[in-house]
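Thank you all for making time this morning.

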Amino acid sequence: MKKLFSLVLVLAMILSLAACGNKDDDKTGDDNGTSPTTAPDDSSDDDATGEAVTIKVFTNLPDRTTGQGFVEQTLFDSYMAENKNVKIEVEALDDEAYKTKFKAYAAGTTMPDLVSVWGQPGFIDEVMDAGLLQELNAADYADYGFIPGSLDGFSKDGKLYGLARNTDVIGFYYNAKMFQDNGWTVPTTYTELLALADTINAKGIIPVAMDGGDKWPLYIYMTDLLQKIDGTGVMQKTADAIANADFSDPSFKKAAELLREAASKGLFQTGFETTDYGTAKNLFTNGQSAMFYMGSWEMSMATNQDIAPEIRDNIRVFTMPLIDGAQGKATDISAWNGGGYSVTASGAQKEEAIKLLNYMFKPEGWTKLAWENGVCMSAQDFSQFATGNETEVQKQFTELVKSATSLSGTPLGDMGTSEFKTQSSDLTQEVSIGVKTADEYLQGLAGASK
Amino acid sequence: MNDRVMKRSSFPIGKIIIWILLIAVAVIQIFPLVWLLDFSVASSNEMFTNGLLIIPKVIHFDNYVKAFVDGNFLLYLKNSLLINVLAVVLVLIISIMTAFATTRMHWKLSGTVRIIILLGMMIPIHATLLPNYVIYDKLKMTDTIWAILIPYIAFSLPQGLFLTSSFMASIPKEIEEAAIMDGCGIYRIIIVIITPMLRTSLVTVSIMTFLNNWNEFMMASTYLNTDKWRTLPFSVLKFTGLYSSNYAVQFAVMALTAAPMVIIYILLSKHITKGVAMGAVKG
């Protein structure tokens, strides 16, 4: 018996020694493994050799078959078809997981080459300060037709670090047929909007489907109100308020009170603070609500075959109505450039990633595809791609952007750190349901800014 | 005599009550699965209508086709099975050996070592994500099977050790003494005598380890970069849009993901009930 065990022990020792040896082999193997990836980096300037290149892309669009993920994948596929030596590896996670993994990558030694970023101080400031992003040559994009100001969020000290993917406009989608059948008209003032809510509620229909569970639509509503109160300079005012931890400006209080008033007068569905995105949207697309407060990216509802035609074909949009005694005009709208792309400074294939980025954002790239598929409005001039087959709601959004006299810029919650985003989201939800008063809310925001 | 007849005639009433209760419990237990299957053949838009269950206008089996093809299901299933089976086997081996070493063997630090390992239960996964990533990155181990196998084992081990060691403590020492008297060595005691007696607690450990790691996503998404070792929860992600998702296909994916678990439970249910009953008698 003892002999048997000593045999087993000896075997185990030999095995573990062998394993150690293997480990060393693995290590050298890995070192060898890294050198080929660095080699093409050195020779990437002379692309004519056609040396194999692998570009790693990290994106927040996990669904590759519909929406923006589809547009992105289509562009990658066509780039690979045109450049046979290039292979694009996509890693896609949804927003929450994306941001966690992004931090992990930032802590590691190498990042993927092309990454999704948000051109909002809450995300990109820390990233730019840490020197994670590669500077882009701004002159390259002079004739790309980016809408003036759309790249501001991606720049720091006059240096450009990323490109904006889309222009987002917030508004009230409404069911035009339902409005017509009941003799309702699109409200032009906030008072009219609240009066209309009463009329709609009396019919047993929900006036506005609101995604309050995710909270961010609520702080966008705040910025929307601020834009109509002040008309211009909302983003600067918010930035200053956060920098000085001082939200005493009367506009903030007014906006908070108007948000609370809307909720207390039943503009939104009961329990809106727990309704999530999908549920809110479906209240509208099933005809249970007359309106839906959401961004321009939802314009694809008008082409979504899952939605009943009598609703799908009657989707129209209007923006936040005028507020009595305030300065904002009807053409001062809430819009911003949120998502975009950057090339990382520590990526192995910087040059190749920039080439890919430039390819994607040629006007006939992202802009054309996104517009034709009714996915979103790009941050570039897309008027040349008008097909004439646009849905009504697409035309309305185009008109809104074209005739806009001022844009609000980044919404309130995305202006500060990620901590500020969390706290301001919670606070805005609390003030909307009346758990906090407007004053407590503003104090809370000031506290969150510190 | 009369009494016995009375008892016999009242017996069916008691049986009926038990049956009703059991059926009620069964319905409550099975409902989520029925609901999952029901929603997995509906269309996304039907999902938000009122009512608990939907009667789909068209039965969308194409949800399953999409889940299989676009969701990369087979590759993820293979990875999930491999990783989870390895994790369970390793957790069992390490748990048994550690439990024996810390509850049966007498050495100075046996109690301390056990407590240190059990303390692992207190560590939240999220706190380890970044440091572990940095370590893996330095060792060039990201995107390898080890990157998730190691944390899966590490996080299941405290629970496994806790269950096996408390169960092992209830096994009478005399059995081992008798074995030694008969000339049995230490490894043989563990393999031939202790392990079979631990079977019921080992089944519990296996199921808990399997279940926890089967649905794990946070660590897998952080430590893995490509499809090579990705597990089933990533399949759901493929249908998550930027703002709203393709819920119907996600339900189909979840039904497919849940299926292996249900099958394993059915296979092992005999042991589970046995384990509970034996535990009750022993206690």
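**One helix, two chains**

Helix 9 of chain A, residues 250-264, has 15 residues and reaches 21 Å from its first C-alpha to its last, close to the 21 Å expected at 1.5 Å a residue, where the expected span is 1.5 Å times one less than the number of residues. Helices here are DSSP runs of H or I with at least four residues, strands are runs of E with at least two, and both are numbered from the N terminus.

Before I go further, please keep in mind that this is a predicted model, in which local features need pLDDT of at least 70 and side-chain atom pairs count only at pLDDT 80 or more, while totals for chains, interfaces and linings use all residues. Residues are numbered from 1 along each chain as its sequence is written, and chains are lettered from A and ligands numbered from 1 in the order in which they are written.

Which residues of helix 9 of chain A are buried? They are A:Ser251, A:Phe252, A:Ala255, A:Ala256, A:Leu258, A:Leu259, A:Ala262 and A:Ala263, where buried means that 20 or more other C-beta atoms lie within 10 Å of the residue's own, exposed means 12 or fewer, and partly exposed is in between, with C-beta atoms placed from the backbone. Seen down the axis of helix 9 of chain A, these buried residues fall within an arc of 160°, so they line one face of the helix; the arc is that of the directions from the helix axis to the C-beta atoms. They pack against helix 6 (190-202), helix 7 (216-230), helix 15 (418-432) and helix 16 (438-449) of chain A, whereas A:Pro250 and A:Glu261, on the other side of helix 9, are exposed. After helix 9 of chain A comes A:Gly266, whose phi is positive, near 80°.

Stepping back, chain A is divided into domain 1 (50-165 + 337-385) and domain 2 (168-336 + 393-449), with bounds that come from an automatic or database domain assignment. The C-alpha centres of domain 1 and domain 2 of chain A lie 28 Å apart, and 11 residues of domain 1 are in contact with 19 residues of domain 2, contact meaning that the C-beta atoms, placed from the backbone, lie within 7 Å.

Now to the partner. In all, 32 residues of chain A are in contact with 28 residues of chain B, and the elements giving two or more residues to the chain A side are helix 1 (2-43), helix 2 (67-82), strand 2 (86-92), helix 3 (95-107) and helix 10 (277-285) of chain A. The model scores ipTM 0.78 and pTM 0.77.

Chain B itself has 12 helices and zero strands, and of its 283 residues, 30% count as buried. Its mean pLDDT, the predictor's confidence in each residue from 0 to 100, is 86, and 89% of its residues reach 70 or more. Confidence in chain B is lowest in helix 12 (residues 247-282), at a mean of 76, and highest in helix 3 (residues 73-103), at 94.

Two places in chain B are worth a look. Of the nine residues of helix 7 (residues 173-181) of chain B, the number buried is zero, so this helix lies largely in the open. B:Ile59, in the loop between helix 1 (2-40) and helix 2 (62-69) of chain B, is exposed, because 11 other C-beta atoms lie within 10 Å.

Definitions and conventions:
Two residues are in contact if their C-beta atoms, placed from the backbone, lie within 7 Å.
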